[in-house]
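Visitor: I would like to learn how to read the features of a model like this one. Could we go through them one at a time?

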Amino acid sequence: MANNVVAFSLKDAPALIEKLLPVQRLSPEVYKERMAGASQTLTSLGGFWKGRKPLILNKACILGSLLPATDNLQRDLEVFEKLMAMDSCSLAIRLNIKPNDIVSKVSIKDIYCYFDTVPPNSLPSCSPFDPKNYPTTDGKIPKIYWREDISEEKKGVLSALALPDEPYREMVSRAKRPEELDDSLYLHIWNDINKHLGTNAFSFEELVEQLGIMRFGHRPRVGDTFAGSGQIPFEAARLGCDVYASDLNPIACMLTWGNFNIIGASSTTRARLLDSQKKITQSVQLELDRLKIESDGNGWVSKVYLYCVEALCSQSGWMVPLMPSLVVSKGYRVIAQLVPNFAMKRYDIKIKSEVSDNELIEAEFGTIRSDGKGQEPYLIHCVGGKEYRTKISTLRGDYVDQGGYVRNALRLWEREEIKPRPNDIYQERLYAIQWTRPSKSGKGEQYEFRSVTEDDLKREKIVEEYIAENLQEWQRQGWLPDMRIESGVKTDEPIRTRGWTYWHHLFNPRQLLLHGLIRQNNAEDMPFSLGQILNVNSRCSRWNPAPGPGRAGKTSSVFDNQAINTLFNYGCRGLSAISPLLQPKYRSFPLSSGIKTIVQAQPAELLNCENDIYITDPPYGDAVKYEEILEFFIAWLRRNPPSEFASWTWDSRRALAIKGEDEDFRRGMVAAYQRMTEKMANNGLQIIMFTHQSGNIWADMANIVWASGLHVTAAWYVVTETDNALREGSYVKGTVLLVLRKREGSYRTSRSDLAWEIQEEVEEQVQTLTGLNQEAKEIYRDENLFSDADLQMAGYAAALRVLTRYAVIDGQEMASEAVRPRVKGQKTFVDELIGFAVGVANKALVPAGINKTHWHKLQPVERFYLKMIEMEAKGSKSLDNYQNFAKAFNVKNFKSLMASEKANSARLKSASEFGRAEMAGDTELANTILRNVLYALMELEKQMDRLEKETDSNEILAHLSYNLPNYFNQRDTVVEVSDYLAKHLEVIRPQEASAARILSTLVRNQKLG
């Protein structure tokens, strides 16, 4: 270790994350990881867990908490980027910039100072040139290699010169993620890192340990008491921190344990696990072979069974399969045909392959239909040319009881049941099987879909009798669930729509057999394979007939939308379809043997060990109800879990879960963060991540921080959600990172003094960030380091920094005031001060081209409109942006300004779309400079549309001077606003931009007097 690594030398140094975080580079990196989907490092352990904070975001938080902020923020930024593989040299490696690319783009006096060629000296010494233009005598292109004596630093510097001249986010979209590459990605950084920090590290583990000693006197300990899927603890351990992780839910703890002990396992442990997985697969296969239930006896093995619900149509008296679509497989062109059986008053189901395009299109419509989104589905079928329609609610026997609750006539299933009784409203029917066998060519598999035969039904009978006979014993052993479904927001669905009352009712006999056989093997990695299998193999696993070109189909995840939705038809996998999940290919990131990891299944307020840094992603507001839906998995593991998890409480403990709702949420959060504060070093740090939609979030967080004995030192906003995650409607796309420390002392202030402090703090923060932006211009080329949204967040951060610094405001003890219940509709002075801070921040965001004095005189609605026009010009279309900025600019009714409020294609009204509206009256926009400019633009556009040779400038100017109060003293602002609109409208509305340029010229050249 270096002699200058002195214990506690950074004890009182501010952390880098308290001063800067390059969110505009971090955001596309985070987005890149989220878009990787199933290829993300930890999803193979439990893809059903959706609330994952990306590993690269966690890495930024951990390193940002350990690195010191110096007097040279520019240099700090460069070092941070290198550690995050965001620097130009690392990006060149991630983009796989090769010697050929370098000599094609970079000016080098003598390429042979860096490269060797084959054949030797076969290319010009001076670049740039295209190697393709210098073929050898045999027509081949010469090969270029790095010389062996060239250092990684030199390679990186030269490669960076060949980077394409395009925005960072576009390069990242094509680059590999840092975690996809090995440690050679960082070989070029360590000399520079050590020089800046005074360390002697050549790996992240060494750097983190040395920084921990310099700051805390030991290797840093990172804690997360809301561990969830364990993304934060895993990244901390991978970087070289000791880790404490806890969660109330045992499934969350299991996933976190798996991160450390499977993804982070040594090669020896991984080999042992692989052997265990093979043995489980073999043992299951042996039992299935003995029962002869997955083979037709002719070499074909069943892969997928397709089932549907069947019900009696009371109007026709026929039993009808309830199938939303009759398409079985688009890729294989297979459909199900309903053939009337008049004798039995039911339909035979015939599977037909290689159908025509028209037949496929017709088969899209099955017997379950709806007249539109949100409309109630109904059963539809025809007998003898007569059409019958019955609402599903009628079929189900829905009614309203005396208490006003909707009930139905479905029978509630008993514990010992595995299938419907003969007189139940809903029956279940196997209607197709996908079979597979090795291809005759010896390569790959051959597949076909078939109708159900009598032999198939006999095999079904064997399975049903086998499970019925063994159900109670297997439940006693813990191999099958015996847990009742507890009523809840999400868990009421299977009870209400199917009458299922126990968790094993969500699985048919075949699924119970397969899963039970797997569950009998109690190896420590078994729960992870079983969890992934349960998620795609239940009565709630939708059959997708069109997963991609040429593919047969697949069963989809139960939790692809964080709910337990019952289905009218579903897919059931055979062993051949689940064996890849029994032998998964986990990614490998072996953790250093000296790293200590603790995983506990307990509430956050029972934290029992001290940590230096806490990074948490707590539940908030619209959080997924994991405490309910994870009982789907808990039911399978609660009895006789593997010994590694046996000490945990295998129950969701719903009553103890912190839910993002009203006062219960605040009280739970305060208890958790108070305990973390108690169990944190005095120079420790906390980072709270949350994704929010509530307008009261900042006041709530201020209260939680106060009551927990903390104060905010910084806040950042990072884009973390993918477009796919937004689905429909307006959903927040970013995550706020609050940085906190222990509040020292008991400072007092008054509300009036706070306002001045907040204003000074906000203005200083914005100036600091925009100043850094200018210094970093060469690093970021033409990209801003901080966006307006980030600078707006500086207003929130400044408000919380100032507010939470004080223990007493206007004589009120804020820790006590913080836990006082909110009165609905009442705006507290904390709300008001935070709103004031945001207003100050927005005033500080003066757009280029508009005088600061003029900008401050504009009304909030004008500043909002102009700022959003700028964002539209940059391609922003998310309604979320308009909502956030409207709140920030204190615009009461931004909707009156909108031409579209669609979630991902929102936009403001144009001048022509405003027409003559909102020129006068009590609206926010009436009588403003902007409104009169837009009116003038409308008039100019009308003249342009009429193709008049000359515009009637006198009439336009006359209207403008008459409509705009104090016009002659505001002409300069009119010109600036017109020029601003002309510049930003050029891309989105060229004609209106042209009108704006004309108006600017008219006003500027207007003769007065």
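Visitor: At the start of α17, which backbone nitrogen does a side-chain oxygen of Asn508 reach?

Guide: The model is predicted, so local features need pLDDT of at least 70 and side-chain atom pairs count only at pLDDT 80 or more, while totals for chains, interfaces and linings use all residues. Residues are numbered from 1 along each chain as its sequence is written, and side-chain values use heavy atoms, with hydrogens and water left out. Helices (H or I, at least four residues) and strands (E, at least two) are DSSP runs numbered from the N terminus. In this case, the side-chain oxygen of Asn508 comes to within 3.1 Å of the backbone nitrogen of Arg510.

Visitor: How many residues of helix α17 are buried?

Guide: Buried means under 20% relative accessible area, exposed over 50%, and partly exposed in between, with a 1.4 Å probe and protein chains only. Helix α17, residues 509-519, has eleven of its eleven residues buried, including Arg510, His515 and Arg519 as well as Leu513.

Visitor: Which residues have the most contacts inside the largest nonpolar core?

Guide: In soluble globular proteins, nonpolar side chains tend to be buried together. A nonpolar core is a set of buried Ala, Val, Leu, Ile, Met, Phe, Trp, Tyr and Cys residues joined through side-chain atoms within 4.5 Å. The largest one here has 151 residues, and those with the most contacts inside it are Leu21, Leu83, Ile251 and Leu513. Helix α11, residues 250-263, gives the most to this core, with nine residues. Contact means heavy atoms within 4.5 Å, and Leu513, leaving aside neighbours within four places in sequence, is in contact with Leu288, Leu291, Ile293, Val463, Tyr466, Ile467 and Trp474.

Visitor: Is Ser302 buried or exposed?

Guide: Ser302 counts as buried because its relative accessibility is 0%. This serine lies in strand β5, residues 301-312, and its side chain makes a polar contact with the side chain of Tyr305 at 2.5 Å. A polar contact is a pair of N or O atoms within 3.5 Å; within protein, one must be able to donate a hydrogen and the other to accept it, and residues adjacent in sequence count only if both atoms are side-chain atoms.

Visitor: In what order do the three strands of the open sheet lie?

Guide: Two strands pair if DSSP finds at least two bridges between them. The order is β10-β11-β12, with antiparallel pairing, and the edge strands, β10 (368-369) and β12 (386-391), each pair on one side only. Strand β11, residues 378-383, pairs with β12 over six bridges, and Leu379 has Thr390 as its bridge partner in β12.

Visitor: What kind of aromatic pair do Phe129 and Tyr134 form?

Guide: A pair of aromatic rings is described by the distance of the centres and the angle of the planes. Rings of Phe, Tyr and Trp (its six-membered ring) pair if their centres lie within 6.5 Å; planes under 30 degrees apart count as stacked, over 60 as edge-to-face and the rest as tilted. A search of the whole structure finds 32 aromatic pairs. Phe129 and Tyr134 form an edge-to-face pair, at 5.7 Å centre to centre and 80° between the planes. Phe129 is buried, with a relative accessible area of 9%, whereas Tyr134 is partly exposed at 33%.
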